[in-house]
Every structure is written in structure tokens, then in C-alpha cells.
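Here's a quick briefing on how two chains meet, plus a look at a couple of residues inside one of them. Have the sequence and the model open as you read.

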Amino acid sequence: MATPVAAINPGVRAGRVIPGFGLTLGFTMLYLSLIVLIPLSATFIRSFGLGWGHFWAVVSTPRVLASLRLSFGAAAIAATINAAFGLLVAWVLVRYTFPFRRLVDAMVDLPFALPTAVAGIALTALYAPNGWLGQLLRPWGIQVAFTPLGVVVALTFIGLPFVVRTLQPVLEDLDKEVEQAAATLGATARQTFLWVIMPALWPALLTGFALAFARAVGEYGSVIFIAGNMPMKSEIAPLLIVTELEQYDYAGATAIAVVMLVLSFLLMLGINALQAWTLSRHGGR
Amino acid sequence: MSIALRGIGKRFGEFAAVENIDLDVPSGALLALLGPSGCGKTTLLRIIAGLEIPDAGQVLFDGRDATFRPVRERKVGFVFQHYALFSHMTVFENVAFGLKVKPRAERPPGALISRKVESLLELVQLEWAGGRYPAQLSGGQRQRVALARALAVDPDVLLLDEPFGALDTQVRHELRRWLRRLHDELHFTSIFVTHDQQEAIEVADTIVVLNRGRIEQLGVPGEVYDLPTSAFVHRFLGQVNEVAVQMREGRAHLGPIDISADAAASTAGSIALIRPHEIDVGRGAGGWPATVLTVRVIGPVVRLELQAEGRKAHPPLEAEISRERHEAERFGVGEAVNLKFRRWQIYPAGIPAD
């Protein structure tokens with residue numbers, strides 16, 4: 001029976017860029033443990049102090065459920081909006097040259113750099129019923145500030161750079177000849193976009209979506225100003241956690257945190273699986 | 001389908017890629033656009049395909065103006081140097097693409113598409129690869145997929161942009177012969193771009209030599225090789241030795257050899273271009289004394305580098321003799337020989353040697 005050489009002597013395997021597999025893996029594990037795993041485990045352990053019955057009682061109150069629904073729902077909507085318009089922004093930035101392109105490109109990063117509270121205050125001022133945009137929307141019966149819609153607006157604002165920045169390099173690497181090949185074969189612009197360009201973008205688009213979504217689920221600073229924070233209506237889960245903390249109910253706060261963690265983790269896992277599936281259809285490159 | 005170009009010009013900024021090109025490609029021709037990089041050959045091909053719009057002139061398909069006809073309506077098959085396959089589709093899906101994007105009314109039913117794709121894969125000898133992804137194939141196989149994909153829509157014209165440029169010699173040779181056979185079987189009009197004169201000579205019926213955006217010469221392969229009309233074409237198609245014509249006592253000479261019988265050689269400063277196989281190397285008296293510098297056996301031919309007397313400042317002359325003659329004569333390195341020129345061509349002075 002033929003045994004692969006690598007199985008007999010793993011040290012022989014073709015050159016690695018960073019030497020010492022054992023050392024680098026060990027460091028990675030330690031680092032992730034310190035930065036991610038231990039703090040998260042602490043959250044879990046803390047909430048276990050409640051006991052299952054109490055835990056369930058805390059997280060199944062209508063107020064908590066409503067806040068979770070809002071947090072995840074608004075984050076999903078915001079990430080979807082960002083996926084669509086982020087793709088458009090990335091496309092325009094990569095494919096066209098226009099005056100001040102670099103400036104526009106730099107502006108995309110602003111939501112990253114801006115303190116979230118500043119963003120929240122600015123958005124609130126704009127969308128409040130007597131604000132610049134709020135005034136224009138009021139005759140149409142649309143109120144943004146202090147409603148779930150405001151939450152979506154804030155989350156869309158902070159999530160945009162993730163989609164744009166993950167798509168840009170992929171768009172830049174796209175081979176224009178492939179599009180030209182599609183055109184010579186008689187494909188319309190729409191067919192080329194749907195069948196030739198989009199399949200190449202899906203993995204990056206999903207990554208951008210996942211990042212924007214994850215960021216939006218955990219967002220606090222910009223939302224609390226514009227949301228109005230009415231329980232059952234426009235109160236997000238992270239705010240509820242802070243409220244619990246302010247009442248020194250650490251166990252209750254961590255219980256909500258654990259639910260958020262598990263939900264986020266499951267969603268991320270799902271998105272990753274979807275991404276692996278789209279990548280496998282590439283058959284490598 | 002016949003193609004005609006009338007006064008085609010295209011600039012990229014300040015750079016004139018092609019200028020005032022007139023060209024007629026009769027239906028069923030296999031034509032090579034040959035030239036060094038930057039000569040405009042690819043631009044010209046892309047203008048025919050509709051991937052570039054010319055600034056001036058007209059493109060005629062079967063006598064009808066197609067200058068501004070969109071790419072997708074031109075019915076041209078285009079094969080790219082780097083294949084441009086759809087990497088997320090299988091080989092089968094790649095080949096089927098052109099059929100699947102047809103408007104509903106023209107689209108053949110699924111079973112017919114399958115049959116057509118299978119027969120095309122058979123034609124390119126890849127019937128086993130339908131389920132593979134392009135990344136799992138070698139370069140030569142990928143280019144065959146690209147060809148099958150282009151042929152799937154029954155193009156009237158097949159355009160190939162350096163189709164074999166990225167492949168290794170062996171595969172290239174095989175694919176050239178295969179393309180020639182395919183063309184003879186299917187009778188479409190083909191135009192291919194190459195910078196490899198041997199490829200052009202081997203495959204094409206007609207060669208168009210381009211230089212700096214203009215047509216230098218057009219002809220059948222033998223004609224372009226044997227009767228170049230300019231020093232550029234002479235230099236570009238194959239190896240050449242360059243010897244300056246010297247005037248002594250009113251007679252033209254190449255070294256000590258009197259060539260004043262050649263009327264073209266009467267002006268001082270003109271140059272003679274001589275191909276390596278046109279140099280006769282011998283031990284007999286007369287001719288141009290020279291020393292053998294290197295002897296290299298290259299398959300059926302033997303290439304000698306020769307230092308001719310009085311040409312120290314110039315690169316050595318290159319001569320090619322047959323293997324058989326070499327076996328009989330056995331020229332050794334350092335040996336003194338005499339050179340004679342069986343054939344040469346004189347070009348006026350002042351042509352830069354690129």
C-alpha cells in the first residue's frame with residue numbers, strides 16, 4: 001500500500017513560509033484563548049450561576065425577546081442593504097474614474113473612524129422630526145428617529161465599509177477578458193453580470209455581509225441616540241444588557257449576552273458554510 | 001463571411017495603436033496578423049471583434065458596415081491568450097454558455113444543447129473533461145475548452161489572440177496543426193494574432209506583417225519569407241546577418257566579395273541582409289576568410305558562428321548548414337574557412353536595426 005511521504009515524515013513537506021508549525025499553532029491558540037475564548041467563557045460561566053430555570057425566565061421575558069428580535073432583525077436588514085449598495089459603491093469606485101474618486105474612496109472608511117456616539121448624534125439630528133431629513137420625510141408619514149427604522153439607519157451607516165472594503169480587491173482582480181468572452185458569446189450585460197460576475201463575487205459579498213451583520217448586532221453607541229429606546233419597540237439587546245448592568249443584575253446581563261453570543265455564532269457558522277459552498281463551486285483557481 | 005477594413009485608425013491617448021489600415025479577408029481564409037509587441041495587431045483583432053471601437057474607418061462584414069455593431073451581435077468567436085474561461089463553471093457549462101444565453105426563442109432545448117456540447121468536447125478531444133473545472137486542466141486543455149466554447153455558437157468568424165502564446169513548445173506545435181485541420185474541416189474565416197513568425201508560416205494561408213500600427217507587407221507565407229519588401233519584414237521573419245555594403249573603386253563589396261553585379265547595391269551605406277542558410281561555408285579558395293567561433297548542432301541543422309575578417313567590431317555572422325554536410329565536413333572551432341553568399345538582399349541605408 002502506498003503511503004504518502006508526508007504521512008511518514010511530516011517534516012519533509014514542501015517549504016513553509018513561517019517555520020515551526022507547532023510553535024505558530026500554539027501561539028495562535030494561546031492568543032485566541034486570551035483575546036476571544038476566555039472572556040467569552042467567563043460570560044457563559046457567569047450566566048450559569050443563574051441556574052437553567054432562572055436563566056430561561058430572564059431571557060424569555062417579552063421585553064428581552066423583543067429586543068433580540070429588533071437587534072438581529074435590524075442587523076439583518078442593515079447588512080442586506082449594505083450588501084446591495086456596498087456592491088454598487090465598490091463597483092463604481094473600482095470600475096469608473098471620476099473627479100475626487102480618491103476622496104470618495106476615503107469617505108467610505110469614515111464610519112470606521114467616527115466615534116459611534118458622534119455618528120448617533122449626527123444621525124439623530126438629521127432624522128429627528130424637526131431635523132433636515134426628518135422634516136422632509138414627515139409629510140410622507142415616515143418617522144425615522146426614535147423608531148426601529150432609525151435603528152436600521154444607524155446600523156446601515158456603521159456597516160457600509162465592511163462590504164465595500166471586502167469587495168474592492170475582488171472586483172479589482174476580476175478579469176475583464178472573462179466579461180468580454182461572455183459578450184462575444186452573445187450574453188447580454190445582465191446575463192454577464194448575473195452568471196459571470198456575481199458567481200465570482202459571492203464569497204466576498206458573503207464575507208462583507210457577515211462582517212457588517214456581526215458589527216451591527218453588537219453595535220451600541222450610534223443606535224442608542226437614534227433609537228429612542230422604548231421597551232418592546234425600539235430597544236436593542238445590547239442596551240438591555242447595559243440597563244441590567246446598571247441595576248447590578250450581572251447574571252441577568254450575562255444571560256442576555258449568552259443568547260446573543262450563541263445566536264451570532266450560529267449565524268456566522270451558517271454564513272461560513274454558505275461561503276465554503278460557493279467557494280467549492282470555483283474548483284480553485 | 002468576408003471581412004474588410006477600410007482606413008481603420010485607433011489611438012490610445014497620444015499613442016496611435018493602428019493607423020489607416022486597409023485589409024480584405026476573403027471568406028474562408030486563415031489569416032495571421034504578425035508583428036512585434038506594440039505593433040497594433042491585437043488592437044486590430046479587437047476592433048474586428050467589436051471589443052474596441054475604431055476612431056476612424058469602417059469594418060465591413062460581407063460588405064455591410066459593422067463598425068458600431070455590438071460585440072454580441074457580430075457572431076464572432078474570440079479566443080483569448082489567457083483562455084478567459086468561466087472559472088466557477090465546469091467545462092461543460094463553459095461550452096454550453098453561448099447556447100444558454102440565447103434569447104428564449106432561439107435557445108435550443110436542453111437535450112440538444114447537451115448533445116452539441118458533447119460533440120464539441122469530442123472535437124477538441126476533451127469528452128472526458130465535461131465535469132471538471134478549468135483550474136483542474138492544463139493550459140493546452142484550457143485553450144481547447146476556450147475554442148470549443150467559441151465554436152458552440154457557430155460563429156462566422158473565429159478570432160484568436162495569441163492563442164498559443166502561453167503554452168509550451170510541444171503543446172503549441174500540436175495545437176497549431178490541430179487548428180489548421182479544424183479550419184480546413186469547418187471552413188470558417190479565421191484571423192489569428194501572433195508574434196511568432198514560425199507559427200504564422202506554419203498555420204496561415206496569408207500573413208499580414210504589422211509594424212508600428214501599419215501594414216508592412218501582406219502575402220502568402222513563402223512570399224513574405226523569401227521576398228520581404230522591407231528590411232523590417234526581412235529581419236522579423238527569421239534570423240538575418242547584416243553586412244554593410246562598401247564602395248571601393250566604384251564597385252560594391254561585401255567584405256572582399258564584389259557584388260557590383262547587383263544593381264541595387266550601387267549606393268554607399270546600404271546594407272545587405274543575408275539569412276544564415278544563405279551563407280556557404282567552405283574550405284575552397286575565394287570568398288571571405290573567416291574563423292569558426294562556435295559550432296552548435298540543433299537537430300537537423302548545424303549553426304556556426306563565424307568571425308569574418310575585418311568585422312571585429314560587428315557581431316559574428318551566423319551560418320546554418322545541414323547536419324549531413326556537417327558530418328561530411330566537420331568544421332572545428334578555430335578553423336579558418338571561406339564564406340560565400342548564395343543570396344542576399346540590399347536595403348537602403350538609414351534603417352535603424354531594431
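Chain B and chain A bury about 2100 Å² between them, with carbon and sulfur atoms giving 62% of that; buried area here is the accessible area (1.4 Å probe) that two parts lose on being put together, summed over both. On the chain B side, R72(B), H88(B) and V101(B) lose the most area to chain A, together 29% of what that side buries. Keep in mind that this is a predicted model, where local features need pLDDT of at least 70, side-chain atom pairs count only at pLDDT 80 or more, and totals for chains, interfaces and linings use all residues. Residues are numbered from 1 along each chain as its sequence is written, chains are lettered from A and ligands numbered from 1 in the order in which they are written, and side-chain values use heavy atoms, with hydrogens and water left out.

**The interface**
- The contact (heavy atoms within 4.5 Å) draws 23 residues from chain B and 21 residues from chain A.
- Between the two chains there are 5 residue pairs in polar contact, both at pLDDT 80 or more; such a contact is a pair of N or O atoms within 3.5 Å, where within protein one must be able to donate a hydrogen and the other to accept it, and residues adjacent in sequence count only if both atoms are side-chain atoms.
- The elements giving two or more residues to chain B's side are β6 (76-79), α2 (91-100) and α4 (139-151) of chain B; helices (H or I, at least four residues) and strands (E, at least two) are DSSP runs, numbered from the N terminus.
- α2(B) gives the most to that side, with 3 residues.

**Inside chain B: L160(B)**
- L160(B) sits in strand β7 (residues 157-161) of chain B.
- With 0% relative accessibility, L160(B) counts as buried (under 20% relative accessible area; exposed is over 50%, partly exposed in between; 1.4 Å probe, protein chains only).
- Beyond its neighbours within four places in sequence, L160(B) contacts residues including L45(B), V79(B), L147(B) and F192(B).

**Inside chain B: T189(B)**
- T189(B) belongs to strand β8 (residues 189-194) of chain B, and at 0% relative accessibility T189(B) is buried too.
- A polar atom of the T189(B) side chain lies 2.7 Å from the backbone oxygen of M1(B).

**Confidence**
- Chain B has a mean pLDDT of 89, and 98% of its residues reach 70 or more; pLDDT is the predictor's confidence in each residue, from 0 to 100.
- The model scores ipTM 0.83 and pTM 0.79.
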